[in-house]
Structure formats: C-alpha cells, structure tokens
Amino acid sequence: MIKILTIGLLLAGLASADTLVERQGNQRARIRQGVQSGSLTQGEAARLRANERQLHRKVVRNRVDGGGLTPTERGRLQANANRNSRKIARLKGNGRTQ
C-alpha cells in the first residue's frame, strides 16, 4: 500500500511539471495574441516573456536537481505561474495599445 502511494505521488509530481510546461505554452500564446491584437505593447510583451523564461528555468532546474518536483516546489511554481497569468490579463486590458 505504501509503495502504491509513493509511486502515485511521484507520478503526480511528474504530471504537474508537465502541466506547468503546458501552462507556460498557453501563456506564451496569450502574450503572442496580445501583441498581434495590439493590446500589448512591445515593452509589456518583452517583460512578460522574461517572466515566462524565468519560470521555465525554475521548472527545469527543479526537475534536474531533484529528479521531480516536491509539493513545496510545485506550489511555489504554480504561485509564480498564477502571478504571471494575472500580469498578462492586467496588461492586456490596461488600455495601452501599440
């Protein structure tokens, strides 16, 4: 029973890392769409892309260092992704255009 639980937690950790990577792809698409529609300026898009790159580096580093993500690391990365998502939404709707 403990082995099954341990394997389940390990797989959940790996799956959430994949979810983070998928989420990053979605957020990059949102940034791209904002630039194409004119709702994001080039400077805003550059800052948002830098935030996404930083998050990606953290995900990769945590995967390499520990072989997976601990619940604490996963929570921190999810919180960081949430902040980035809110920034994208806020900047897309701030009324500035190219």
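Because the model is predicted, local features need pLDDT of at least 70 and side-chain atom pairs count only at pLDDT 80 or more, while totals for chains, interfaces and linings use all residues.

Let me start with the overall layout. The protein has 3 helices and 0 strands, where helices (H or I, at least four residues) and strands (E, at least two) are DSSP runs numbered from the N terminus. Along the sequence this gives the pattern α-α-α. Of the 98 residues in the protein, 32% are buried; buried means under 20% relative accessible area, exposed means over 50%, and partly exposed lies in between, with a 1.4 Å probe and protein chains only. The protein exposes about 6400 Å², and carbon and sulfur atoms supply 57% of that area, as computed by the Shrake-Rupley method with a 1.4 Å probe, where for residues only the protein chains shown count as cover. If we take the contacts (heavy atoms within 4.5 Å) with a separation of 6 or more, 77% of them join residues 24 or more positions apart.

Now I turn to charge on the surface. Which residues gather in a patch of positive charge? They are R28, R32, R49, R53, R57 and R61. A patch is made of residues with over 30% relative accessible area and no salt bridge, with like charges joined within 9 Å and nonpolar side chains (Val, Leu, Ile, Met, Phe, Trp, Tyr) within 5 Å. Lys and Arg count as positive and Asp and Glu as negative, whereas His and the chain ends are not counted, and the place of a charge is taken as NZ of Lys, CZ of Arg, CG of Asp or CD of Glu. Helices α1 (2-37) and α2 (42-66) each supply at least two residues of this patch, and the largest share, 4 residues, comes from α2.

R49 sits in helix α2, and R49 counts as partly exposed because its relative accessibility is 34%.

Is E52 buried or exposed? E52 is buried yet has no salt bridge, and the nearest side chain of opposite charge, R28, is 5.0 Å away; a salt bridge is a side-chain nitrogen of Lys or Arg within 4 Å of a carboxyl oxygen of Asp or Glu. Leaving aside residues up to four places away in sequence, E52 touches Q24, Q27, I31, N84 and I88.

Another residue of helix α2 is H56, which is partly exposed because its relative accessible area is 34%. H56 and A81 are 25 residues apart in sequence, with 9.7 Å between their C-alpha atoms.

Finally, we come to helix α3 (residues 71-92), where R83 lies. R83 is partly exposed because its relative accessibility is 40%, and its C-alpha is separated by 9.6 Å from that of N51, 32 residues away along the chain. K92 is found in helix α3 too, and it touches R30, Q33, G34, S39 and L40, again not counting residues up to four places away in sequence.

Terms used. Residues are numbered from 1 along each chain as its sequence is written. Side-chain values use heavy atoms; hydrogens and water are left out.
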